[in-house]
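Please examine the structure shown below together with its sequence. The paragraphs that follow lead through the model step by step.

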Amino acid sequence: MGRRSRRSSGSGLIDTAGVFEDLPLVYSILGGALVALLCEVVAPLAAPSYPNASGINYALLFLPFVQIIGGFFAGAILLFGLIGAGARWLERRGDKARFDGQTGVESVRRLSWQEFERLLGEFYRRQGYEVRQRGGPVADGGADLELHKGDEKLLVQAKDWKTWVVRLPQVRELWGAVADERADGAILVTSGSFTEDARRWTIGKNLTLVDGQQLAKTIGSIQSDRASLAVPSGIGLRTCAECGRPMVQRIAKRASLAGQPFWGCTGYPQCRHTEPT
């Protein structure tokens with residue numbers, strides 16, 4: 001799906017600010033520190049300490065103005081870097097919440113095309129890929145995401161077509177982008193479906209087609225894997241009949257049942273409900 005850049009203006013100052021917002025925060029910190037170093041340390045050392053023939057030292061005269069302007073630019077670089085880092089953090093937080101909130105193909109199809117692309121970014125991050133959300137105006141045959149894992153580079157195109165069927169021409173266009181960008185392969189993801197001839201055409205190519213049903217199923221499996229990792233060791237799917245908390249398997253240490261396993265409530269000692277295994 002072709003996209004427009006999220007930053008596009010007629011102002012060079014605003015576009016330059018956008019460059020610093022897109023940089024990792026560490027680069028903005030280093031850039032601001034470099035400008036401050038040049039203005040506060042290097043410039044005074046480089047300025048001649050003696051006046052010219054007219055008795056005026058213009059270098060020392062204008063040095064305070066240079067330092068003020070340099071300080072402004074150093075602060076602006078750092079500020080835009082912080083704004084960009086905060087925006088990226090909020091985006092990622094939203095991506096995670098959106099991903100975890102999916103309940104099936106219908107919830108996927110309710111997303112806007114922008115949300116659909118962000119969902120795919122999180123989808124592939126959780127599979128171990130480094131994801132680059134691509135911006136700028138591109139042809140519809142171009143890629144919306146770029147995936148990297150080791151030396152592998154994959155292009156991903158998102159088709160948020162809720163009822164439309166993706167046909168062979170759209171698949172061919174994406175495969176052409178693979179050759180143009182020297183990528184290793186591509187993935188075309190739609191919230192709808194594909195024609196049979198489109199699927200047959202991908203045989204023998206490193207070109208994967210993912211329809212809405214497949215996408216929703218895989219999202220569900222990733223969510224389930226994460227939920228199982230979040231459950232502490234020993235806790236099963238049984239819940240306490242008294243308070244509703246999860247139950248955990250324990251080993252009895254007293255009386256005639258010593259050494260025998262049983263289910264105990266994780267709310268102990270507030271809840272002392274037990275069940276046999």
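With which residue does R134 form a salt bridge? The partner is E146, and the closest N and O atoms of the two are 3.0 Å apart; a salt bridge here is a side-chain nitrogen of Lys or Arg within 4 Å of a carboxyl oxygen of Asp or Glu. R134 lies in the loop between β1 (130-133) and β2, whereas E146 belongs to strand β2, so the pair ties together parts that are twelve residues apart in sequence. R134 counts as buried at 13% relative accessibility, and E146 is buried as well, at 8%. Buried means under 20% relative accessible area, exposed means over 50%, and partly exposed lies in between (1.4 Å probe, protein chains only).

The model is predicted: local features need pLDDT of at least 70, side-chain atom pairs count only at pLDDT 80 or more, and totals for chains, interfaces and linings use all residues. Residues are numbered from 1 along each chain as its sequence is written, and side-chain values use heavy atoms, with hydrogens and water left out.

The protein chain has 277 residues, of which 34% are buried. Among the contacts with a separation of 6 or more, 53% join residues 24 or more positions apart, a contact being heavy atoms within 4.5 Å.

The model has 14 salt bridges in total. In one of them, R92 meets E122, with the closest N and O atoms 3.6 Å apart. This pair links distant parts of the chain, 30 residues apart: R92 is in helix α3 (residues 58-100) and E122 is in helix α5. R92 is partly exposed, at 31% relative accessibility, whereas E122 is buried, at 2%. E122 also forms a salt bridge with R125 (3.6 Å, N to O). Because R125 and E122 are three residues apart in helix α5, about one helical turn separates them. R92, E122 and R125 belong to a network of salt bridges that also includes D95 and R118.

Finally, confidence must be considered. The mean pLDDT of the protein chain is 78, where pLDDT is the predictor's confidence in each residue, from 0 to 100. Confidence is highest in helix α7 (residues 196-201), at a mean of 95, and lowest in helix α1 (residues 12-22), at 51. Over residues 2-17 the pLDDT stays under 50, and over residues 136-140 it is below 50. Where pLDDT is low, the predicted coordinates should not be read in detail.

Conventions: Helix = DSSP H or I, 4+ residues; strand = E, 2+ residues; numbered from the N terminus.
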